[in-house]
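Please look over the sequence and the structure shown here before reading on.

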Amino acid sequence: MADLVFAFDPALDRPLPLPEDAPPAVAETIATATREALGAAVAFARTSRAAALVICGRLLDPTRASPSQAAALRTMVADLSTRGCRTVYVADDTAACHAISRMLGEPAGLHFVTPLAPLELDVHGLLVEIASAHGPAAGTAAGPLDGPAPLHRRIVVGWDTALWQAERWDLPAAAKPHDAVHPALAADGPGRAGASLTPAAFAAAAAASPAWSHPATFWVWGSRRPEHLPPGLHHLPALQARSGHEASPGGCCGLTLFHRDPTAPESLAAPHTDWRASWQETATHRVAWRTLAVESAAGGDEELATAIWSALEALPATGHAALEIVRCSIECGTSVARRVRVAEIAAETLARVRQLYDAKTFRIWCRDLVAAPGESLAPLGHARSGSRPGTTTSFSSALADIVSAIEQSPAPVIPADMAREAGWLALELVEST
């Protein structure tokens, strides 16, 4: 149960990319994933008898949204309104509020928060203020919340645009998780302006603000990026992940402000004494990503397909996801020749595995098959291989030493996993020529 439900980055007008070779059942699940993820958050707010569904991040872009997408969102807002649940959209600016309001026809129950205009709600007699972290910290202070009144709550919502393009190389390689990045340098993807707020900057501004540092204030940070947040920030994942590189497959979060009687959930008791600890994630995703590691020392496409299918059958239940997109990672040890062979038979192996796919009973789709890019190159290095300059393995050892140095560096020029992948690709290229 939750009194407030939070949802990040529905992006209804940006469906997940469709694989060109996906069968109709897989393609349909992927195409409707973003809408159904928001629908799951709406259903959770409805069954929880929540007072508000708070949405931040991308919602609908008027330059690309279709009438059907706007109609679906309006229906969700209207459905919640009839049940006493308001929909609150934390927007970037006032123009975004006007655009959403015009697209939806100003439905009842739709409210907005902008960086300069917080929103006050009455939740069963408890005054709750929702503010945007992208505005001035001092500018959101409201009179009733300035004092030590214990029955007031202020919720500050911030987010970043990391991984909105669903590419892992958007992650800054040299920046530590808590490092503040200058706005001019904080690039969040191709063609996008840098984010003006980072988790560290948010936490610092909140700690320095009398309004945001009040004990009755709760900090929410929406992000697709896998990172450790500063103390006090509560992570809000996206409703639906767009790749396997994100922090969560997708979910919404609920916050309980009142004690409830388990036998009568609609009845309210005293305010929740440990309301901060009630922050919990509920799955909303329809598509999930998984990497399946398979050992394969030898054999052709038939033997490899058999090993992959046996591993797929041994996987645990998919849980909430209606579809799992699996990447098969073939462990080849330090055999570069085997890695090259795996690349040669990848297409035939995938074709054999996909012949066994059943959309009704086995909702797993094998997207691609690669030699494991994350295997360590350390056994090929000079320290462990015993090679000497001038031998046939000197190039492999030198490359392995370079990758090991990147992995051990406190400020690597590229992430360690990408360095390993690049190292193996170089060795495979040499082997295949």
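## A partly exposed salt bridge

Arg367 counts as partly exposed, because its relative accessibility is 33%; this value, like the others in this report, comes from a predicted model. The side chain of Arg367 meets that of Asp21 in a salt bridge, with 3.8 Å from N to O. Since Arg367 belongs to strand S16 (residues 364-371) and Asp21 to the loop between S1 and H1, the pair ties together parts that are 346 residues apart in sequence. Asp21, at 38% relative accessibility, is likewise counted as partly exposed.

## Other charged pairs

A search of the whole structure finds 18 salt bridges. In one of them, Arg224 pairs with Asp9, their closest N and O atoms being 2.9 Å apart, and this pair links distant parts of the chain, 215 residues apart. Both Arg224 and Asp9 are buried.

Within helix H8 (residues 336-354), Glu344 and Arg341 lie three residues apart, about one turn of the helix, and their side chains meet in a salt bridge at 3.6 Å, N to O. Salt bridges that share partners also join Asp9, Arg58, Arg224 and Glu246 into one network.

## The nonpolar cores

The largest nonpolar core has 30 residues, of which Phe6, Ile130, Ile155 and Leu257 touch the most other members. Among the strands that each supply at least two residues of this core are S1 (4-8), S6 (126-132) and S7 (152-159).

Leaving aside neighbours within four places in sequence, Ile155 is in contact with residues including Leu4, Phe6, Ile130, Val220 and Leu255. A second, separate core of 29 residues includes Ala37, Leu59, Leu60 and Ala70.

Definitions and conventions: Residues are numbered from 1 along each chain as its sequence is written. This is a predicted model: local features need pLDDT of at least 70, side-chain atom pairs count only at pLDDT 80 or more; totals for chains, interfaces and linings use all residues. Side-chain values use heavy atoms; hydrogens and water are left out. A nonpolar core is a set of buried Ala, Val, Leu, Ile, Met, Phe, Trp, Tyr and Cys residues joined through side-chain atoms within 4.5 Å. Buried means under 20% relative accessible area, exposed over 50%, partly exposed in between (1.4 Å probe, protein chains only). Helices (H or I, at least four residues) and strands (E, at least two) are DSSP runs, numbered from the N terminus. Contact means heavy atoms within 4.5 Å. A salt bridge is a side-chain nitrogen of Lys or Arg within 4 Å of a carboxyl oxygen of Asp or Glu.
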